[in-house]
Amino acid sequence: MIQIDTARTEADLMGILALQTQNLSRNLPSEVQQAQGFVTLQYTLSQMQQMHKLGPSVIAKDGDRVVGYAITAMPGALAFVPELESLFALLDTVPYEGQMLNMYPYYVVGQVCVDKDYRGQGIFDRLYQKHRAVYSDRFRLFITDISARNTRSLRAHERVGFRAVHSFHEPAAAEEWVVVVWDWNNEQRTINSEQ
């Protein structure tokens, strides 16, 4: 039985990193990326430990094995994850309902992934419902950016309740990205956790 909870131990963090490595775009053939999705950023254990102190990530476990995760990246993570700097800087410039995104209480999905053998079982949705249960009393917006070519991820985020608010081109990577937001104050965008 799959359990959804926050990461609690170093073994949980190591499980996140192991699953991340299996799903990095550079480790997957393009046809697998297209069909199954991928992740782009590789965190270190030290970064995960520091991010965990700011806000534990949500994980799915089958016994002791991490089979899914949604990494919590609070704005304070910039101090030790420089790869997130461009996303957080962008949030200073993207308007949402009359003000910039960074003016709202928000945090970022640092990355989300479900093991290939566990996809299609509702784990993705359950990871995000747990994020909402844990963090919605402190934050209004849950934000991430997704590669435009990762159509599986874009569809899954939309199904949960995220909406595209901005897109941009990253010249260094020759990649188009979409910024998506889940506004927990807008009840029309929520899903029933029983679905």
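Start by selecting Phe88 and Tyr106: both of these residues are buried. Keep in mind as you explore that this is a predicted model. Now show the two rings and look at how they sit. Phe88 and Tyr106 make a tilted aromatic pair, with 6.2 Å from centre to centre and 40 degrees between the planes. Trace the chain from each ring and you will find Phe88 in helix α4 and Tyr106 in strand β6, 18 residues apart, so the pair links distant parts of the chain.

**Next stop: helix α5**

Select residues 123-135, which make up helix α5, and pick out Phe124 and Tyr128. How far apart are the centres of the rings of Phe124 and Tyr128? The answer is 5.1 Å, and because their planes stand at 85 degrees, this pair is edge-to-face. Along the helix, about one helical turn separates Phe124 from Tyr128, because they are four residues apart. Are these two buried or exposed? Phe124 is buried, at a relative accessible area of 13%, and Tyr128 is buried too, with 0% relative accessibility.

**Widen the view**

Across the whole structure, a search finds 15 aromatic pairs.

In soluble globular proteins, nonpolar side chains tend to be buried together. To see this here, select Tyr43, Leu91 and Leu101, the residues that touch the most other members of the largest nonpolar core, which has 33 residues. Several elements each supply at least two residues of this core, among them helix α1 (10-22), helix α3 (45-54), strand β3 (65-73) and strand β9 (175-183).

Zoom in on Tyr43 and display what surrounds this residue. Leaving aside residues up to four places away in sequence, Tyr43 touches Leu17, Gln20, Met48, Met51, Ile71, Val81, Leu84, Gly110 and Gln111. Then move to Val58, Val109, Tyr118 and Phe139, which belong to a second, separate core of 27 residues.

**Last stop: a loop**

Finish by selecting Glu97, in the loop between β4 (95-96) and β5 (99-100). Is Glu97 buried or exposed? Glu97 counts as exposed, because its relative accessibility is 51% and the cut-off for exposed is over 50%. Check the backbone here as well. Most residues other than glycine have a negative phi. The phi of Glu97, however, is positive, near 45 degrees.

Notes: Residues numbered from 1 in each chain as written. Predicted model: local features only at pLDDT ≥ 70, side-chain atom pairs only at ≥ 80, totals over all residues. Heavy atoms only, no water. Core = buried A, V, L, I, M, F, W, Y, C linked by side-chain atoms within 4.5 Å. Buried < 20%, exposed > 50% of the residue type's maximum accessible area, 1.4 Å probe, protein only. Contact = heavy atoms within 4.5 Å. Phe/Tyr/Trp six-rings, centres within 6.5 Å; stacked < 30°, edge-to-face > 60°.
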